[in-house]
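Hello,

Here is the structure I promised to pass on to you. Have a look at it first, and then read on for what turned up in it.

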Amino acid sequence: MARYALILAGGDGTRAGGGVPKQFRELLGIPMLWWAVRSFHESDPSTNIIIVMHPGFFDDWDIMYRLLPEADRDIKVTVVCGGRDRIESTANGLMAVDGDESLVAVHDAARPVLSPELVSRLWRTAEIHHAAIPCVPEVNSLRRKMPAETEGFDTVPVDRAEFMAVQTPQVFRKSVLDDAFGKMIAEGRKPLFTDDASIVQSAGFPVFICDGDPDNIKVTTPSDFAIAEALLKMHR
C-alpha cells in the first residue's frame with residue numbers, strides 16, 4: 001500500500017510575523033516546513049512527499065532548498081500548486097497521488113514538531129480503518145458562544161471532557177478522500193469545519209481516533225516559534 005504525505009504550505013502566515021511566510025522561517029537553522037519532511041521520511045523513507053504551496057512562493061522554495069544540508073537534499077519531494085483555500089490545496093495535492101488504495105497523510109506545515117512515531121502510528125491505524133486522525137484531550141476550560149439573540153449570558157461553560165483537540169497529519173485511503181471531496185463538490189456545499197476529517201465524516205465515512213501528541217503544536221503566533229524550537233531541541 002503506497003504512502004503519500006501532502007504537506008500544505010500555502011498560507012501567508014501573517015499572524016506569525018517575521019516578514020516572510022512562516023513555513024520558510026527557520027527553526028534551529030532549518031526552515032519550518034522541512035521538519036515535517038524529515039519526520040515523514042524518517043518514519044518511512046519510501047513515503048512519497050508532496051509539498052503544496054502557492055506558486056507565488058516558488059522562488060522562496062528554490063532559495064530554501066539550495067540552502068538545505070546535503071543529506072536533506074537527498075530526500076525526494078514533489079512541489080505542486082496550491083489552491084485558493086485549504087480545500088482546493090488538498091484537492092490539488094490529491095491529483096499527484098496514484099492508486100485508489102494508497103494512503104494519504106494530509107499535514108499542516110505549521111506543525112513542525114511532528115514525531116516519526118506519531119506518523120507511524122497513524123499509518124498503521126489507517127491501514128486498518130481507512131481514516132485515522134490524531135487527537136489529544138482538551139486541557140483548557142471552555143465556553144460556548146451563545147447566539148446574539150439569546151437572552152442572558154453571552155457565553156456558557158461546557159464540560160471539556162466532552163471535547164478533544166484535533167491535530168494533523170490526518171491519514172486516509174485515497175479512495176475515501178476522493179469520494180468525500182467528490183460528494184461535497186457535487187452537492188455544491190462548503191464544509192462548516194476546517195479539517196479534512198470533517199469533510200470525510202460529513203460524507204458518511206467513519207473516522208478512527210488515535211492518540212495524538214501534545215508536543216505536536218501548531219505555530220501561529222510569534223511566541224510559538226520559541227516554543228517549537230524548545231520542543232525540537234528536547235526531541236533531538
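Helices here are DSSP runs of H or I with at least four residues, strands are runs of E with at least two, and both are numbered from the N terminus. Please keep in mind that this is a predicted model.

**A residue to start with**

Is S39 buried or exposed? Buried means under 20% relative accessible area, and S39 has 7%, so S39 is buried. Leaving aside residues up to four places away in sequence, S39 touches L114, S115 and P116.

**Helices α1 and α5**

One of those partners, P116, belongs to α5, and it takes part in the contact between the two helices. On the α1 side the residues are S39, F40, E42 and S43, and they meet P116, V119, S120 and W123 of α5. Sorted by class, this contact holds four nonpolar, three polar and one charged residues.

Two packed helices are described by the angle between their axes and the distance between the axes. For α1 and α5, the axes come within 8 Å and cross at roughly 60°. The two helices are therefore oblique to each other, and the crossing of α1 and α5 is right-handed.

**Helices α4 and α6**

Helix α4 covers residues 86–94 and helix α6 covers residues 174–186; their axes come within 11 Å and cross at roughly 135°. That makes α4 and α6 oblique to each other, because of this angle. Here α4 passes α6 in a left-handed crossing.

Which residues meet in this pair? From α4 come I87, T90, A91 and L94, and from α6 come K174, L177, D178, F181 and M184. By class, the residues of the contact of α4 with α6 divide into six nonpolar, one polar and two charged.

**The nonpolar cores**

Now to the inside of the model. The largest nonpolar core has 40 residues. I7, L33, W34, V37, F40, I51 and W61 are the residues with the most contacts inside this core. Two or more residues come from each of β1 (3–8), α1 (32–43), β4 (48–53), α2 (58–66), β6 (103–108), α5 (116–129) and α8 (222–235). Of these elements, α1 gives the most to the core, with seven residues.

Not counting residues up to four places away in sequence, I51 touches I7, A9, L33, V37, W61, V77, T78, V79 and V80.

**Backbone points worth a look**

Most residues other than glycine have a negative phi, and most peptide bonds are trans.

- L28 has a positive phi, near 55°, in a residue other than glycine. L28 lies in the loop between β2 (26–27) and β3 (30–31), and at 24% relative accessibility L28 counts as partly exposed.
- H130 also has a positive phi, near 75°. The loop between α5 and β7 (131–137) holds H130, which is partly exposed with a relative accessible area of 34%.
- T168 and P169 are joined by a cis peptide bond, with omega about 10°. P169 is placed in the loop between β10 (164–166) and β11 (170–173).

G83 lies in the loop between β5 (77–81) and α4. G83 is partly exposed, with a relative accessible area of 25%. Which residues does G83 touch, not counting residues up to four places away in sequence? They are E88, S89 and N92. G83 and M53 are 30 residues apart along the chain, and their C-alpha atoms are separated by 8.1 Å.

T221 is found in the loop between β12 (208–211) and α8. With a relative accessible area of 32%, T221 is partly exposed. The C-alpha atoms of T221 and T194 are separated by 19 Å, and these two residues are 27 apart along the chain.

Enjoy looking around, and write back whenever you like.

Best wishes

Note on methods:
Residues numbered from 1 in each chain as written. Predicted model: local features only at pLDDT ≥ 70, side-chain atom pairs only at ≥ 80, totals over all residues. Heavy atoms only, no water. Core = buried A, V, L, I, M, F, W, Y, C linked by side-chain atoms within 4.5 Å. Buried < 20%, exposed > 50% of the residue type's maximum accessible area, 1.4 Å probe, protein only. Contact = heavy atoms within 4.5 Å. Axes fitted to C-alpha atoms, helices over the stretch in contact; angles between N-to-C directions. Parallel < 35°, antiparallel > 145°, perpendicular 65-115°, else oblique. Left-handed = near helix turned anticlockwise from the far one by under 90°. Nonpolar A, V, L, I, M, F, W, Y, C, P; charged D, E, K, R; others polar.
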